[in-house]
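Here are my notebook entries from a first look around. Keep the structure open beside you and follow along.

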Amino acid sequence: MERRSFLSKAAVGAGAGVALAAPVIVKAQPTVRWRCSSGFPKSLDTIYGSAEDAAKRISEATGGRFQITVAPAGEIVPMPQAADAVQAGTVECSHTAAFYYVGKDPAWAFGTCIPFGMNFRQHNAWWKEGGGSKIFNDWLRTQGMQYILSGNTGAQMGGWFRREVNTPDDVKGLKMRIPGLGGRLWAAMGAVPQQIAGGDIYPALERGTIDATEWVGPYDDEKLGFNKVARFYYYPGFWEGGAALGWLVNNRAWDALTPEYRAIFTAAAHEANADMMAKYDARNAAALRRLIAAGTQVRPFQRPLMEAFYRASQTLYQELGSTNANFKRMHDHYTAFQRDAVSWMRFTENTFDDFMANMLRT
């Protein structure tokens, strides 16, 4: 009897053990369908493609239950109205450059870049570790939105010019397509900035409606064909030392997501942030060689000209800060971090890069 009792109890215990080891049934996640109004034309597989890549990753990670349909700039709403569309809930999100909306408030610039600002690595460090995301999104939350970093172009080229620009006098009256605070800086130097969507730049430059344009760098600029209508290609784009892109998301739509979906979205955005920079770094060099072979005249901005722009930028920031407390608070926070970041990199990155550039040149 004792043996039969023991075996009976053991069998019950084994069955209980099996029951405890069985997989936990996870609650089925809801089906979610979002629309994204991109800030870029579909022809650009780097910037526009980054949103599609993130949307694909989100779909894969959720078994197709969370789908984001990405539409190029202008298909749902024109690019300048994307922020309004997200805020109103017309679309749930937009993959865009925050500095497109400095006309609403100059503080938007800190989501992307400011003239003579930080490079890609410095901006990432400020955003993720230095409190940049918090200070920017605390401000943006009052407008019913948030901005999730997802992409960077790195330091950009200075753009395409139909004529040479060597001195401050050459800037006066120049009609240039340039967004963000970079546009205000060129205006302070006497230029006439224009904000034109990416798909409309080429015809404006071809017709002479504008004298110059900046976009990103060789890979994208070659795709847009700017070398066919402007001869001179200047560098560096000192107003975009590391232009960050991001997902502008409606907070009501975000709060309606499950925690799992929010985590997957954030992870996909962070992956796309690294991937975009890798694509540009891998593709720009070959594109620049092709442009030069086709007759493009690559020119550096002269140092006295850049110094004049730098002085003008400091005046601009003082003026903006004196009338906009949010801008001043973000600018003070941003530049304090930048001083430390630049001071550190001058010992390592800058010195090593300069050495290698000279060695590989010879």
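Entry 1: I looked up aspartate 53 and found its side chain in a salt bridge with that of lysine 279, at 2.7 Å from N to O. For my notes, a salt bridge is a side-chain nitrogen of Lys or Arg within 4 Å of a carboxyl oxygen of Asp or Glu. The two partners lie 226 residues apart, aspartate 53 in helix H2 (residues 47-61) and lysine 279 in helix H11 (residues 259-293). Helices here are DSSP runs of H or I with at least four residues, numbered from the N terminus.

This is a predicted model, and I kept its limits in mind: local features need pLDDT of at least 70, side-chain atom pairs count only at pLDDT 80 or more, and totals for chains, interfaces and linings use all residues. Residues are numbered from 1 along each chain as its sequence is written, and side-chain values use heavy atoms, leaving out hydrogens and water.

**Entry 2: buried or exposed?** I checked aspartate 53 next, and its 37% relative accessibility makes it partly exposed. Lysine 279 is partly exposed too, at 21%. The scale I used calls a residue buried under 20% relative accessible area, exposed over 50% and partly exposed in between, with a 1.4 Å probe and protein chains only.

Entry 3: I then found arginine 121 paired with glutamate 349, their closest N and O atoms 2.8 Å apart. This pair also joins distant parts of the chain: arginine 121 sits in helix H4 (residues 120-128) and glutamate 349 in helix H14 (residues 349-361), 228 residues apart. Arginine 121 has a relative accessible area of 45%, so it is partly exposed. Glutamate 349, at 27%, is partly exposed as well.

I also noted lysine 172 with aspartate 169, at 3.6 Å from N to O. Aspartate 169 counts as exposed because its relative accessibility is 57%. Lys56, Arg57, Glu60 and Glu271 form a network of salt bridges. My count came to 16 salt bridges.

Entry 4: Which residues make the contact between H7 and H12? I found Leu181, Arg184, Leu185 and Trp186 on H7, and Phe309, Ala312, Ser313, Leu316, Tyr317 and Leu320 on H12; contact means heavy atoms within 4.5 Å. The axes of H7 (residues 180-188) and H12 (residues 303-323) come within 10 Å and cross at roughly 110°. I took axes as lines fitted to C-alpha atoms over the stretch in contact, with angles from 0 to 180 degrees between N-to-C directions. H7 is therefore roughly perpendicular to H12, a label for angles of 65 to 115 degrees.

Technical notes:
Helix = DSSP H or I, 4+ residues; strand = E, 2+ residues; numbered from the N terminus. Parallel < 35°, antiparallel > 145°, perpendicular 65-115°, else oblique.
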